[in-house]
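My plan is to look things up one at a time and write down what I find.

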Amino acid sequence: MAATMHAFADGAELARKLADNVAASLAAAITARGTATVAVSGGSTPKRFFQELSTRDLDWAKVTVTLVDERFVPADNPRSNHLLVAENLLQNKAKAANFLPLYQAAASVEDAAKLASDATATIGNPFDVAILGMGGDGHTASFFPGGSNLKAALDPKTPRGIITMEADGAGELRLTFTFSSLQDAKLLVLHIEGDSKKDVLTKAEGAGDEAEMPIRAILRRAASPVEVYWAP
(Lines give C-alpha, C1' and ligand atoms only; values in the text may rest on other atoms or scores of the structure.)
Protein backbone atom coordinates (compact mmCIF):
# COMPACT_ATOMS: atom_id res chain seq x y z
CA MET A 1 0.00 0.00 0.00
CA ALA A 2 1.46 3.36 -1.03
CA ALA A 3 2.70 5.65 1.71
CA THR A 4 1.36 9.19 2.12
CA MET A 5 3.96 11.88 2.76
CA HIS A 6 3.21 14.70 5.21
CA ALA A 7 6.05 17.25 4.98
CA PHE A 8 6.54 20.03 7.52
CA ALA A 9 8.71 23.12 7.72
CA ASP A 10 10.61 21.89 10.75
CA GLY A 11 10.63 19.33 13.52
CA ALA A 12 8.63 21.52 15.89
CA GLU A 13 5.72 21.80 13.47
CA LEU A 14 5.87 18.08 12.77
CA ALA A 15 5.76 17.29 16.50
CA ARG A 16 2.69 19.47 17.02
CA LYS A 17 0.78 18.09 14.04
CA LEU A 18 1.65 14.48 14.81
CA ALA A 19 0.66 14.94 18.45
CA ASP A 20 -2.67 16.40 17.35
CA ASN A 21 -3.34 13.47 15.02
CA VAL A 22 -2.31 10.81 17.52
CA ALA A 23 -4.35 12.43 20.31
CA ALA A 24 -7.40 12.54 18.05
CA SER A 25 -6.99 8.86 17.15
CA LEU A 26 -6.64 7.86 20.80
CA ALA A 27 -9.65 9.96 21.79
CA ALA A 28 -11.73 8.32 19.08
CA ALA A 29 -10.72 4.87 20.34
CA ILE A 30 -11.67 5.81 23.91
CA THR A 31 -15.04 7.05 22.70
CA ALA A 32 -15.63 3.87 20.70
CA ARG A 33 -14.65 1.25 23.25
CA GLY A 34 -13.40 2.91 26.42
CA THR A 35 -9.67 2.25 25.96
CA ALA A 36 -6.87 3.12 23.55
CA THR A 37 -3.44 1.70 22.70
CA VAL A 38 -0.30 3.23 21.22
CA ALA A 39 3.09 1.69 20.45
CA VAL A 40 5.98 4.14 20.05
CA SER A 41 9.54 3.95 18.81
CA GLY A 42 12.77 4.94 20.52
CA GLY A 43 15.82 6.90 19.47
CA SER A 44 16.33 10.65 19.57
CA THR A 45 13.85 11.58 16.82
CA PRO A 46 10.58 11.25 18.77
CA LYS A 47 11.57 13.27 21.87
CA ARG A 48 9.91 16.51 20.77
CA PHE A 49 6.80 14.64 19.62
CA PHE A 50 6.59 12.81 22.97
CA GLN A 51 6.79 16.09 24.83
CA GLU A 52 4.01 17.57 22.70
CA LEU A 53 1.77 14.53 23.07
CA SER A 54 2.21 14.52 26.85
CA THR A 55 0.38 17.86 27.07
CA ARG A 56 -2.70 16.86 25.10
CA ASP A 57 -6.09 16.67 26.80
CA LEU A 58 -7.00 12.98 26.87
CA ASP A 59 -8.43 10.57 29.39
CA TRP A 60 -4.91 9.22 29.78
CA ALA A 61 -5.92 6.68 32.42
CA LYS A 62 -7.64 4.81 29.60
CA VAL A 63 -4.57 4.83 27.34
CA THR A 64 -2.00 2.02 27.28
CA VAL A 65 1.44 2.95 25.98
CA THR A 66 4.02 0.39 24.91
CA LEU A 67 7.14 0.28 22.77
CA VAL A 68 7.63 -0.94 19.23
CA ASP A 69 10.99 -2.36 20.29
CA GLU A 70 13.51 -2.24 23.13
CA ARG A 71 17.10 -2.97 23.96
CA PHE A 72 17.69 -5.81 26.42
CA VAL A 73 18.86 -3.39 29.09
CA PRO A 74 17.27 -2.28 32.38
CA ALA A 75 14.90 0.68 32.40
CA ASP A 76 17.47 2.99 34.00
CA ASN A 77 20.06 2.37 31.29
CA PRO A 78 20.67 5.59 29.28
CA ARG A 79 20.07 3.66 26.03
CA SER A 80 16.75 2.24 27.20
CA ASN A 81 13.65 3.21 25.20
CA HIS A 82 11.72 2.78 28.44
CA LEU A 83 13.75 5.62 29.98
CA LEU A 84 13.19 7.79 26.90
CA VAL A 85 9.43 7.35 27.14
CA ALA A 86 9.37 7.83 30.91
CA GLU A 87 11.28 11.11 30.71
CA ASN A 88 9.53 12.59 27.67
CA LEU A 89 6.07 11.06 27.15
CA LEU A 90 4.90 9.83 30.55
CA GLN A 91 4.95 13.37 31.91
CA ASN A 92 2.45 16.20 32.32
CA LYS A 93 -1.08 14.98 31.57
CA ALA A 94 0.22 11.67 30.19
CA LYS A 95 1.53 10.62 33.61
CA ALA A 96 -1.81 8.87 34.10
CA ALA A 97 -1.26 6.51 31.16
CA ASN A 98 -0.68 2.80 31.67
CA PHE A 99 2.78 1.78 30.44
CA LEU A 100 3.71 -1.75 29.41
CA PRO A 101 7.49 -2.10 29.01
CA LEU A 102 9.13 -4.73 26.82
CA TYR A 103 12.25 -5.23 28.92
CA GLN A 104 11.79 -7.89 31.56
CA ALA A 105 14.36 -8.88 34.20
CA ALA A 106 14.92 -12.40 32.92
CA ALA A 107 17.82 -14.83 32.65
CA SER A 108 17.94 -14.51 28.87
CA VAL A 109 16.58 -12.30 26.11
CA GLU A 110 14.47 -15.25 24.96
CA ASP A 111 12.86 -15.52 28.39
CA ALA A 112 12.30 -11.77 28.39
CA ALA A 113 10.59 -11.98 25.00
CA LYS A 114 8.19 -14.63 26.31
CA LEU A 115 7.36 -12.55 29.38
CA ALA A 116 6.87 -9.43 27.26
CA SER A 117 4.63 -11.30 24.82
CA ASP A 118 2.48 -12.49 27.70
CA ALA A 119 2.28 -9.01 29.22
CA THR A 120 1.44 -7.23 25.98
CA ALA A 121 -1.12 -9.85 24.92
CA THR A 122 -3.52 -8.09 27.28
CA ILE A 123 -3.51 -5.00 25.07
CA GLY A 124 -5.73 -6.39 22.34
CA ASN A 125 -5.30 -6.08 18.59
CA PRO A 126 -4.75 -4.16 16.46
CA PHE A 127 -3.01 -1.14 17.97
CA ASP A 128 -4.94 2.09 17.65
CA VAL A 129 -1.68 3.84 16.85
CA ALA A 130 1.80 2.52 16.00
CA ILE A 131 4.60 4.99 15.36
CA LEU A 132 7.73 3.67 13.71
CA GLY A 133 11.10 5.22 13.11
CA MET A 134 13.73 4.29 10.53
CA GLY A 135 17.50 4.01 10.65
CA GLY A 136 19.97 5.00 7.98
CA ASP A 137 20.33 1.32 7.08
CA GLY A 138 16.60 0.98 6.41
CA HIS A 139 15.75 -0.82 9.65
CA THR A 140 12.54 -0.13 11.51
CA ALA A 141 11.51 -1.39 14.94
CA SER A 142 14.38 -3.87 15.53
CA PHE A 143 14.09 -5.35 12.06
CA PHE A 144 17.79 -5.02 11.24
CA PRO A 145 19.44 -6.11 7.99
CA GLY A 146 21.21 -9.36 8.76
CA GLY A 147 19.30 -9.78 12.01
CA SER A 148 19.26 -13.20 13.63
CA ASN A 149 15.46 -13.52 13.51
CA LEU A 150 14.72 -11.12 10.67
CA LYS A 151 13.02 -13.68 8.44
CA ALA A 152 10.67 -14.75 11.23
CA ALA A 153 10.07 -11.16 12.35
CA LEU A 154 8.93 -10.12 8.86
CA ASP A 155 6.90 -13.26 8.15
CA PRO A 156 3.18 -12.37 8.36
CA LYS A 157 2.53 -15.90 9.62
CA THR A 158 4.67 -15.32 12.72
CA PRO A 159 2.21 -14.73 15.56
CA ARG A 160 1.69 -11.35 17.13
CA GLY A 161 4.01 -10.75 20.04
CA ILE A 162 7.66 -10.13 20.84
CA ILE A 163 10.63 -11.70 19.11
CA THR A 164 14.35 -11.39 19.83
CA MET A 165 16.87 -9.83 17.48
CA GLU A 166 20.66 -9.77 17.32
CA ALA A 167 22.50 -7.87 14.60
CA ASP A 168 25.80 -6.10 14.05
CA GLY A 169 24.04 -2.76 13.69
CA ALA A 170 21.83 -3.20 16.73
CA GLY A 171 24.37 -2.89 19.53
CA GLU A 172 22.58 -4.61 22.39
CA LEU A 173 20.31 -7.62 22.03
CA ARG A 174 16.81 -6.48 21.10
CA LEU A 175 13.17 -7.21 21.81
CA THR A 176 10.76 -6.24 19.04
CA PHE A 177 7.14 -6.62 18.12
CA THR A 178 6.70 -8.74 14.99
CA PHE A 179 5.56 -7.38 11.64
CA SER A 180 2.19 -9.03 12.19
CA SER A 181 1.76 -7.03 15.40
CA LEU A 182 2.41 -3.63 13.81
CA GLN A 183 1.24 -3.71 10.22
CA ASP A 184 -2.49 -3.32 10.85
CA ALA A 185 -2.46 -0.47 13.37
CA LYS A 186 -5.43 1.79 12.79
CA LEU A 187 -3.02 4.71 12.47
CA LEU A 188 0.37 3.56 11.19
CA VAL A 189 2.99 6.31 11.17
CA LEU A 190 6.59 6.44 9.97
CA HIS A 191 8.26 9.42 11.68
CA ILE A 192 11.54 10.52 10.08
CA GLU A 193 13.51 13.74 10.10
CA GLY A 194 16.39 15.06 8.01
CA ASP A 195 17.22 15.00 4.32
CA SER A 196 19.33 11.87 4.69
CA LYS A 197 16.38 9.90 6.07
CA LYS A 198 14.21 11.11 3.19
CA ASP A 199 16.85 9.78 0.80
CA VAL A 200 16.80 6.43 2.60
CA LEU A 201 13.01 6.34 2.28
CA THR A 202 13.23 7.10 -1.44
CA LYS A 203 15.65 4.21 -1.88
CA ALA A 204 13.41 1.90 0.16
CA GLU A 205 10.43 2.75 -2.01
CA GLY A 206 12.33 1.49 -5.04
CA ALA A 207 13.12 -2.04 -6.11
CA GLY A 208 15.09 -4.29 -3.80
CA ASP A 209 15.00 -7.01 -1.20
CA GLU A 210 13.14 -6.51 2.07
CA ALA A 211 16.01 -8.20 3.90
CA GLU A 212 18.34 -5.46 2.63
CA MET A 213 16.05 -2.65 3.86
CA PRO A 214 13.42 -4.10 6.22
CA ILE A 215 11.32 -0.91 6.19
CA ARG A 216 10.24 -2.18 2.75
CA ALA A 217 8.11 -4.83 4.46
CA ILE A 218 6.06 -2.08 6.11
CA LEU A 219 5.87 0.06 2.98
CA ARG A 220 4.91 -2.86 0.73
CA ARG A 221 2.86 -5.22 2.84
CA ALA A 222 1.27 -3.37 5.75
CA ALA A 223 -2.50 -3.77 5.78
CA SER A 224 -2.90 -0.19 6.94
CA PRO A 225 -1.77 2.84 4.92
CA VAL A 226 1.56 4.24 6.05
CA GLU A 227 1.46 7.93 7.02
CA VAL A 228 4.97 9.35 6.67
CA TYR A 229 5.69 12.42 8.81
CA TRP A 230 8.87 14.14 7.66
CA ALA A 231 10.67 17.40 8.37
CA PRO A 232 14.13 18.54 7.22
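**Entry 1: helix H3**

Which residues are buried in H3? I am working with a predicted model. I looked up the helix and found Asn-81, His-82, Leu-84, Val-85 and Asn-88 buried. Why do they sit on the same side of H3? They do because they cover an arc of only 160 degrees around the axis. I noted the general rule beside this. An α-helix has 3.6 residues a turn, so residues three or four places apart point the same way.

Next I asked what covers the buried residues of H3. The cover includes strand E2 (36–40), helix H2 (47–53) and strand E3 (63–67). Strands E4 and E5 (98–100) are also among the covering elements.

**Entry 2: the second largest pocket**

I stayed with H3, which spans residues 81–88. This helix gives the most to the lining of the second largest pocket, with 5 residues. The volume of that pocket is about 190 Å³. I listed part of the lining: Asn-81, Leu-84 and Asn-88 are among the residues there. Asn-81, Leu-84 and Asn-88 are also on my list of buried residues in H3. Other lining residues include Lys-47, Arg-71, Arg-79 and Glu-87. By class, I wrote down 3 nonpolar, 5 polar and 4 charged residues.

**Entry 3: the largest pocket**

How much space lies in the largest pocket? The value is about 320 Å³. There are 23 residues in the lining, and the closest to the pocket's centre are Gly-42, Gly-43, Gly-133, Met-134 and His-139.

I then checked which strands take part. Strand E4 (69–71) and strand E9 (187–193) each supply at least two residues of the lining. The largest share, 3 residues, comes from E9. By class, the lining has 6 nonpolar, 12 polar and 5 charged residues.

I went to strand E2 and picked Thr-37. Is Thr-37 buried or exposed? Thr-37 counts as buried because its relative accessibility is 4%, and the cut-off for buried is under 20%. Leaving out residues up to four places away in sequence, Thr-37 touches Leu-26, Thr-64, Ile-123, Pro-126, Phe-127, Asp-128 and Val-129.

One of these contacts, Pro-126, sent me to the loop between helix H4 (109–120) and strand E6 (129–132). A cis peptide bond joins Asn-125 and Pro-126 there, with omega about -10 degrees. I marked this, since most residues other than glycine have a negative phi, and most peptide bonds are trans.

**Entry 4: positive phi**

Asn-92 is not a glycine, yet its phi is positive, about 55 degrees. Asn-92 is in the loop between H3 and E5. Ala-141 also has a positive phi, about 50 degrees, and is not a glycine. I found Ala-141 in the loop between E6 and helix H5 (150–154). At 10% relative accessibility, Ala-141 counts as buried.

**Entry 5: Thr-140**

Thr-140 lies in the loop between E6 and H5. Thr-140 is buried, at 0% relative accessibility. What does Thr-140 touch, not counting residues up to four places away in sequence? I found Leu-132, Gly-133, Ile-215 and Ile-218. Gly-133 was already in my notes, as one of the residues closest to the centre of the largest pocket.

I looked up Ala-217 in helix H8. Ala-217 is buried, with a relative accessible area of 0%. Its contacts, leaving out residues up to four places away in sequence, are Leu-154, Phe-179, Glu-210 and Ala-222.

Ala-211 was my last stop, in the loop between helix H7 (195–204) and helix H8 (215–221). Ala-211 counts as partly exposed, at 36% relative accessibility. Leaving aside neighbours within four places in sequence, Ala-211 is in contact with Pro-145, Gly-146 and Leu-150. The C-alpha atoms of Ala-211 and Leu-154 are separated by 8.9 Å, though the two are 57 residues apart along the chain.

**Entry 6: the record**

An unreviewed UniProt entry gives residues 10–221 as "domain: Glucosamine/galactosamine-6-phosphate isomerase". In the model, that span is 36% helix and 17% strand, and its end C-alpha atoms lie 29 Å apart.

How values were computed
Residues are numbered from 1 along each chain as its sequence is written. This is a predicted model: local features need pLDDT of at least 70, side-chain atom pairs count only at pLDDT 80 or more; totals for chains, interfaces and linings use all residues. Side-chain values use heavy atoms; hydrogens and water are left out. On a 1 Å grid over the protein atoms alone, a cavity is a set of points where a 1.4 Å probe fits but cannot get out, and a pocket is an open set with protein on both sides within 12 Å along at least five of seven lines; lining residues have an atom within 4 Å of a point. Grid points are joined across faces, edges and corners, and a volume is the space filled by probe spheres set on the points. Helices (H or I, at least four residues) and strands (E, at least two) are DSSP runs, numbered from the N terminus. Ala, Val, Leu, Ile, Met, Phe, Trp, Tyr, Cys and Pro count as nonpolar, Asp, Glu, Lys and Arg as charged, and the others, Gly among them, as polar. UniProt positions are given in the numbering used here, feature names are shortened, and annotations may be inferred rather than shown by experiment. Buried means under 20% relative accessible area, exposed over 50%, partly exposed in between (1.4 Å probe, protein chains only). The arc is that of the directions from the helix axis to the C-beta atoms. Contact means heavy atoms within 4.5 Å.
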